[in-house]
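Here is a short note for a colleague opening this structure for the first time. Please keep the model on screen while reading.

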Amino acid sequence: MIPLLSSIVFLPLLGAVMLLLIPSQMVKLIRTVSVLITGSVLILSLYLMMHFDTSRMMMQFTEYHPWLSGLNIWYFVGVDGLSLGLVVLTALLGLIACLASMGIEQRVKEYFIFYLLLMTGMLGTFLALDLVLFYIFWEVVLIPMYFLIGIWGGPRREYAAVKFFLYTLAASVLMLVAILGVYFLSNPHTFNILELAYVGFAPHWQLILFCAFFLAFAVKVPVFPFHTWLPDAHVEAPTPISVLLAGVLLKMGGYGIFRICLPLFKHAAHELAYIVGILGAINVFYGACVAFAQTDFKKMIAYSSVSHMGFVLLGAASLTATGFNGAVLEMFNHGIITAGMFLLVGVLYDRAHTRELKLFGGLSSSMPIYAFCLTFLALASLGLPGLGGFVGEFLSLAAVFGVFPWLGVITVLGLVITVIYFLTMLGEVLLGAVNPKCSAYQEMNGRELWCVVPLMMIALIVGFYPHSVLQFQEAVLLSLSRLF
Amino acid sequence: MMNIAHYVPLSPLLAFVINIIFGRKLKSASAAVAIAASIGSLILSVKVYQGLSFGYGSYHLGQWLTINGKALNFGIIVDPLTVMMLLIVSFIGTLILIYSTGYMHGDIRYSRYFAYISLFMSSMLGLVLSDNFVMLLICWEGVGLCSYLLISFWHERPAAVAAGIKAFVTTRIGDTGLLIGMLILFFTCGTFYFCDLATVKGPEPLMTLAAILIFTGAMGKSAQFPLHVWLPDAMEGPTAVSALIHAATMVAAGVYLVARCFPLFVAHPIALETVAVIGAISALMAASIAVVTNDIKRVMAYSTISQLGLMMLALGVGGLSAGTFHLMTHAFFKALLFLCAGSVIHAVGTQDIQKMGGLFSTLKITSSTFIVGTLALAGIFPFAGFWSKDEILITAWNNHHPIFFGVVLLTSFLTAFYMGRLIFLVLFGKSRSDLHPHESPASMTVPLIVLSLFACFVGFIGSPLKEAGRMEAGVETYWIMLASSVVSISAIFLAYFVYLRGFLPVSIRSRFKGLHDLLSHKYYIDEFYDFIFVKPCALLCRMAYSFDFHVIDGLVNLVADLAQSVSGVLRKFQTGFAQNYLLVQALGLVVIIIWLLKI
């Protein structure tokens with residue numbers, strides 16, 4: 001039998017090696033290979049989804065091989081309801097962002113090599129079940145990301161790339177220490193995440209280790225006050241990289257909280273839930289406030305990501321099945337919706353070469369299809385019931401209300417501000433008097449449109465029939481919530 | 001009971017999908033699609049109405065979510081209240097779609113307009129069919145969205161865009177209350193279903209709070225004080241939209257919600273009292289503003305706020321049947337009045353009533369139907385508004401609320417007065433500017449005639465919820481009918497003397513200048529909100545960003561700079577020149593020697 005998960009993880013790596021062998025002048029071939037590889041990853045992950053047993057809460061499709069036996073390090077991958085959605089999301093956005101990368105003209109070969117490496121890192125992070133393996137994939141993500149922002153980015157790309165790299169690296173060093181701590185505190189020493197969940201560390205160790213892991217994940221999520229790398233990275237990153245950054249990279253932080261912080265350190269999670277919840281509410285409210293003050297389109301969406309990821313923290317802090325479901329669904333939805341938003345920002349940037357909101361106006365006359373897509377995704381993002389964003393936020397909110405009602409109230413106020421800034425954005429960009437500069441813009445072309453349409457359809461399906469996504473995660477999150 | 005009710009919203013939804021995708025190709029056929037779908041809904045609604053005689057209740061459609069281990073099923077509720085709303089929405093919707101074919105003729109976004117209206121109808125029909133709060137909330141936001149899209153439909157005008165945002169945000173603030181309220185209800189009583197509301201028990205004052213918060217949502221939607229500010233601005237949208245959404249149906253959704261949750265409110269008297277007080281304030285405040293407003297559509301808007309206030313008041317004094325009855329009659333005559341206003345605007349090309357006058361001679365059909373609508377709204381016997389207003393008065397009196405009774409009478413006086421003013425300024429007298437009015441096409445006048453027939457006769461049907469507990473009058477109530485008639489007729493006469501005969505002496509005018517200013521500035525509520533909420537909110541956000549940029553990010557960069565400067569100092573020691581290292585070595589040697597020699 002073919003090891004399915006390993007194929008998913010290492011196919012992009014294989015693609016990167018293949019690209020190395022192709023001369024850099026053959027741009028077309030390089031692009032074709034990249035699309036084929038990312039396409040195959042998507043097909044494999046859809047196959048995985050179809051053969052996934054939703055009723056089981058155990059790890060499925062596991063592969064377990066000795067790696068460094070002396071240290072009890074294993075090559076251990078597996079998928080459950082928590083990671084499945086994120087793997088499919090990564091594969092989907094991987095293909096879409098790859099298609100959106102067709103506009104990259106400079107150093108195409110290097111770009112796609114880094115791109116495929118990034119894919120391997122992201123997929124590996126979601127599938128690894130051994131802490132060392134997890135850490136390696138986690139760090140693998142950083143390097144290609146650094147180059148992708150630093151080489152193909154905007155004018156301040158070096159500053160943004162270095163900031164991103166150092167910030168996340170500094171945080172993940174903490175995680176490395178915590179991983180070693182977990183290893184030496186367990187008996188027998190192990191890096192196996194599933195086994196570690198049964199160890200039951202001493203309460204004071206739990207608090208320390210929880211904080212160390214949480215800080216590493218908090219930078220990635222990003223949690224206030226560790227979020228300032230995100231707007232810079234987003235503004236400078238090329239469009240497809242922004243898509244992956246918002247769509248997938250942020251989810252690695254949320255995933256880490258659910259995979260490691262909650263099951264390994266139950267006691268600490270109980271103790272610190274309130275703080276996590278407060279941080280989540282701050283994220284929602286503060287992120288929305290700052291997003292409202294932005295004049296740069298991309299920066300606004302970046303801060304809206306900060307705001308939305310607050311719901312993940314809130315759901316996690318509730319320590320209930322409802323909240324967990326909300327949080328994990330919100331990760332998926334945010335990935336879908338915000339990725340679409342960044343694609344649309346990119347579409348506009350390609351035409352206007354600016355992202356200043358004030359410089360647009362009346363686009364819905366010259367670009368009606370674009371206007372429809374942007375309105376649709378903005379509504380999805382502001383949590384309009386009937387579209388994806390609402391369900392995750394509603395579940396998180398409902399759970400938080402049961403545990404910390406006041407945080408729920410703050411969060412709801414943040415949602416009002418979210419409505420204000422999204423509608424103001426729509427008003428400035430699409431509506432109002434037609435800006436003469438904008439009247440000549442071309443309507444979205446087929447490629448641009450078909451990158452966004454699947455995302456919109458998913459947002460609609462999830463909004464009306466949330467069970468389509470929830471069915472995969474409900475069983476495992478229920479069992480996780482039973483721990484508390 | 002046949003389970004066909006859930007098909008009612010589907011046919012406009014289908015029309016929306018068709019029009020949004022193929023609208024550009026369909027061109028004017030998009031109107032036909034929307035009208036056909038709407039008629040389909042109407043036929044289905046009638047079928048549901050016929051099925052009502054076999055009994056009513058609710059049925060499940062399927063599970064939507066699991067919350068705290070409880071399945072949240074979506075379901076359909078079918079009872080007289082729902083069916084009344086279904087009939088109103090699909091019937092008036094159909095008429096307004098027909099009217100729109102004339103009114104929107106030649107608009108560049110013709111098909112888009114019909115698509116939005118279809119989506120609105122679908123959401124609105126879904127709203128009244130929902131048997132639980134969550135499904136209601138989804139449709140509730142759906143109608144809010146359509147309202148936003150249609151208010152800013154002519155989005156080349158900045159005022160329309162601003163009005164759209166204002167409407168969405170203001171109602172969303174109310175919806176926040178609704179969301180919190182229903183979550184409180186869920187966590188204290190464990191239910192989202194309307195049918196459980198009659199039996200829920202929970203701790204006080206949490207339940208009262210929940211009921212009031214749910215009412216906040218209704219306040220936003222039904223434009224009740226203090227969340228009424230969006231409705232007058234919403235008149236930037238096409239007039240047919242104002243008729244359908246901002247007069248007959250969507251704004252009534254708040255009243256519907258309170259009626260739907262009536263058992264909850266009845267069980268918590270403070271919440272019910274709140275409903276009545278808010279309704280009374282809205283009714284009086286809006287009616288008084290309408291007296292001095294010169295924009296024909298804004299007069300209608302304030303009138304709508306005022307009438308919705310009366311419905312809330314009716315519910316608040318315990319008159320479920322009176323409130324819903326007035327909802328029904330109001331839907332017909334207010335839609336009629338808006339369509340008449342649209343026809344007038346279409347004819348003269350201005351909305352300022354001070355510039356109109358003497359239109360009766362040229363706009364015969366529009367004017368006659370306008371007068372019918374006015375009589376219905378003013379509550380003149382035997383037009384529709386008379387009956388429902390009478391029932392409100394009777395309920396208020398019988399339930400021992402003399403103050404609210406007085407409020408209703410005063411409001412009906414003001415209502416008759418400003419409507420009289422409108423009629424006399426617009427239709428009679430001499431034309432006050434150089435206008436060339438022309439009667440509207442048949443597609444617009446036929447709906448007017450149909451609606452005016454309803455405005456005449458719908459009052460005879462009586463409240464759709466008669467069985468649900470109309471207090472049969474123990475005391476003789478004819479004096480109430482008489483009193484309300486006298487009040488209304490005298491108000492119209494007063495308006496006649498003041499505005500047509502010019503009986504208003506200048507001295508009175510100048511004496512009440514302060515009051516006039518207060519009213520024409522809408523009690524300065526917009527300015528107050530701007531000062532209290534809008535500006536501080538923007539300031540807060542700017543401060544948050546500045547904090548983010550200078551403090552949070554500043555700290556991050558400070559750490560980086562610190563590291564860099566420390567390493568800059570340390571770097572000085574790594575010059576790479578062998579001489580320097582040798583020098584340091586030699587100096588070190590000297591230091592060591594001195595140190596050794598000292599000891």
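This is a predicted model: local features need pLDDT of at least 70, side-chain atom pairs count only at pLDDT 80 or more; totals for chains, interfaces and linings use all residues.

1. H6 against H8 in chain A. Start with helix H6 (residues 157–185) of chain A and helix H8 (residues 203–220) of chain A. Their axes come within 8 Å and cross at roughly 150°. Angles over 145 degrees count as roughly antiparallel, so H6(A) is roughly antiparallel to H8(A). The crossing of H6(A) and H8(A) is left-handed.

2. Residues in that contact. H6(A) contributes Tyr167(A), Thr168(A), Ala171(A), Ser172(A), Leu174(A), Met175(A), Ala178(A), Ile179(A), Gly181(A), Val182(A) and Leu185(A). They meet a set in H8(A) that includes Trp205(A), Leu209(A), Phe213(A), Phe217(A) and Lys220(A). By class, the contact of H6(A) with H8(A) has 16 nonpolar, three polar and one charged residues.

3. On the H6(A) side, the contact is made by Tyr159(A), Lys163(A) and Tyr167(A). On the H22(B) side are Asp553(B), Val556(B) and Asn557(B). These residues divide into three nonpolar, one polar and two charged. Note Tyr167(A): it is listed in the contact with H8(A) and in the contact with H22(B).

4. H4 against H10 in chain A. Helix H4 (residues 108–127) of chain A and H10(A) have axes that come within 10 Å and cross at roughly 20°. Angles under 35 degrees count as roughly parallel, so H4(A) is roughly parallel to H10(A). H4(A) passes H10(A) in a left-handed crossing. From H4(A) come Tyr111(A), Tyr115(A), Leu118(A), Met122(A), Thr125(A) and Phe126(A). Among their partners in H10(A) are Pro240(A), Leu244(A), Val248(A), Lys251(A) and Tyr255(A). The class count for the contact of H4(A) with H10(A) is twelve nonpolar, one polar and one charged.

5. The largest cavity. How many cavities of 30 Å³ or more does a search of the whole structure find? There are eight. The largest cavity has a volume of about 140 Å³. It is lined by 13 residues, and those closest to its centre are Gly383(A), Phe390(A), Leu415(A), Arg172(B) and Leu179(B). Helix H16 (388–403) of chain A, along with helix H5 (133–151) and H6 of chain B, each give two or more residues to this lining. The lining has seven nonpolar, two polar and four charged residues.

6. The second largest cavity. Its volume is about 60 Å³. Residues lining it include Phe210(A), Phe214(A), Ile257(A), Ala273(A), Val276(A) and Leu319(A). At least two lining residues come from each of H8, helix H10 (239–264), H11 and helix H12 (297–318) of chain A. H11(A) gives the most, with three residues. The class count is ten nonpolar, no polar and no charged.

7. Leu319(A). This residue lines the second largest cavity. Leu319(A) sits in the loop between H12 and helix H13 (321–352) of chain A. Its phi is near 55°, a positive value in a residue other than glycine.

8. The second largest pocket. About 1,500 Å³ of space lies in this pocket. The pocket is lined by 49 residues. Nearest its centre are Val416(A), Ile420(A), Val169(B), Ile173(B) and Cys537(B). In chain A, helix H11 (266–292) and helix H17 (405–429) each supply at least two lining residues. The lining has 36 nonpolar, seven polar and six charged residues.

9. Cis peptide bonds. The bond from Asn187(A) to Pro188(A) is cis, with omega near -5°. Pro188(A) lies in the loop between H6 and helix H7 (193–196) of chain A. In chain B, a cis peptide bond joins Phe225(B) and Pro226(B), with omega about 0°. Pro226(B) is in the loop between H7 and helix H8 (230–233) of chain B.

Definitions and conventions. Residues are numbered from 1 along each chain as its sequence is written. Chains are lettered from A and ligands numbered from 1 in the order in which they are written. Side-chain values use heavy atoms; hydrogens and water are left out. On a 1 Å grid over the protein atoms alone, a cavity is a set of points where a 1.4 Å probe fits but cannot get out, and a pocket is an open set with protein on both sides within 12 Å along at least five of seven lines; lining residues have an atom within 4 Å of a point. Grid points are joined across faces, edges and corners, and a volume is the space filled by probe spheres set on the points. Helices (H or I, at least four residues) and strands (E, at least two) are DSSP runs, numbered from the N terminus. Ala, Val, Leu, Ile, Met, Phe, Trp, Tyr, Cys and Pro count as nonpolar, Asp, Glu, Lys and Arg as charged, and the others, Gly among them, as polar. Axes are lines fitted to C-alpha atoms, for helices over the stretch in contact, and angles run from 0 to 180 degrees between N-to-C directions. Angles under 35 degrees count as roughly parallel, over 145 as roughly antiparallel, 65 to 115 as roughly perpendicular and the rest as oblique. A crossing is left-handed if the near helix is turned anticlockwise from the far one by less than a right angle, and right-handed if clockwise. Contact means heavy atoms within 4.5 Å.
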